[in-house]
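User: I would like to go through this model and ask what stands behind each label.

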Amino acid sequence: MPALPDAITQAMNQARTAENGRHADLLVNDGPLRQTVIALRRGVRLPEHNSPPAASIQVVRGSLRVTGQEEAELRAGDLEALTHFRHAVEALEDCAFVLTTVTSQPSSGSHATRTGEMPVMEDEDRA
């Protein structure tokens, strides 16, 4: 895994030359935990999408706007939790951020089935 500053520089360079103006690299993939560096060219918008069970965004370069139920403008150094609502992300200037997500949380019901029912868990799974 490259050092974070190197990963950010690489992602920014890739986004600047990409036709769609964006680039993402998965840095950490550990069970339900994911950390991804994402770079966007100014004006690029990630369309509205659902948030995972838990997520945060930390801007490391530039600035962006998160829109949806709540709206926030974030600049380098800002850290924001992404709550459970649909949202979009727009680069106000060339930017890079670290998106941290947790894709499942047993205690909050994120392991629910498609019908919303909780699956039966063995005692060792409840620890």
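Analyst: This is a predicted model. The protein chain holds 1 helix and 9 strands, and along the sequence they follow the pattern α-β-β-β-β-β-β-β-β-β.

User: What makes S2 and S9 a pair of strands?

Analyst: Two strands pair if there are at least two bridges between them. Strand S2 (residues 33-40) and strand S9 (residues 95-102) are joined by 8 bridges, so they count as paired. The two run antiparallel. Leu40 stands opposite Cys95 in S9, and Arg34 stands opposite Thr101 in S9.

User: How many bridges join S4 to S9?

Analyst: There are 7 bridges between S4 and S9, which run antiparallel. The requirement is at least two, so S4 and S9 pair as well. Ser56 stands opposite Thr100 in S9.

User: What is the strand order of the open sheet?

Analyst: The open sheet has 5 strands in the order S1-S2-S9-S4-S7, with antiparallel pairing. Strand S1 (22-30) and strand S7 (79-81) each have a single partner strand, so they stand at the edges and one side of each is left without a neighbour in the sheet. From one strand to the next, the twist averages 20 degrees.

User: What holds paired strands of a sheet to each other?

Analyst: Strands of a sheet pair through backbone hydrogen bonds, in a parallel or an antiparallel sense.

User: Where does helix H1 lie?

Analyst: Helix H1 (residues 4-17) lies across S1, S2, strand S4 (54-61) and S9. H1 runs at about 45 degrees to S2.

User: Which strands does S8 pair with, and how do you know?

Analyst: Strand S3 (residues 45-49) is joined to S8 by 3 bridges, and these two run antiparallel. S5 and S8 pair in the antiparallel sense over 5 bridges.

User: Why is Ser63 called buried?

Analyst: Buried means under 20% relative accessible area. Ser63 has 2% relative accessibility, so it counts as buried. Ser63 is found in strand S5 (residues 63-68).

User: What is Ser63 in contact with, leaving aside its neighbours within four places in sequence?

Analyst: Ser63 is in contact with Leu74, Arg75, Ala91, Leu92, Glu93, Asp94 and Cys95.

User: What makes the pair Ser63 and Glu93 a polar contact?

Analyst: The cut-off for such a pair of N or O atoms is within 3.5 Å, and one atom must be able to donate a hydrogen and the other to accept it. The polar contact between the side chains of Ser63 and Glu93 is 2.9 Å, so its distance falls within the cut-off.

User: What share of the protein chain counts as buried?

Analyst: Of the 127 residues of the protein chain, 31% count as buried. The protein chain exposes about 7800 Å², with carbon and sulfur atoms supplying 47% of that area.

User: What share of contacts joins residues at least 24 apart?

Analyst: Among contacts in the protein chain between residues at least 6 apart in sequence, 60% join residues at least 24 apart.

Technical notes
Residues are numbered from 1 along each chain as its sequence is written. This is a predicted model: local features need pLDDT of at least 70, side-chain atom pairs count only at pLDDT 80 or more; totals for chains, interfaces and linings use all residues. Side-chain values use heavy atoms; hydrogens and water are left out. Helices (H or I, at least four residues) and strands (E, at least two) are DSSP runs, numbered from the N terminus. Axes are lines fitted to C-alpha atoms, for helices over the stretch in contact, and angles run from 0 to 180 degrees between N-to-C directions. Contact means heavy atoms within 4.5 Å. Buried means under 20% relative accessible area, exposed over 50%, partly exposed in between (1.4 Å probe, protein chains only). Accessible areas come from the Shrake-Rupley method with a 1.4 Å probe; for residues, only the protein chains shown count as cover.
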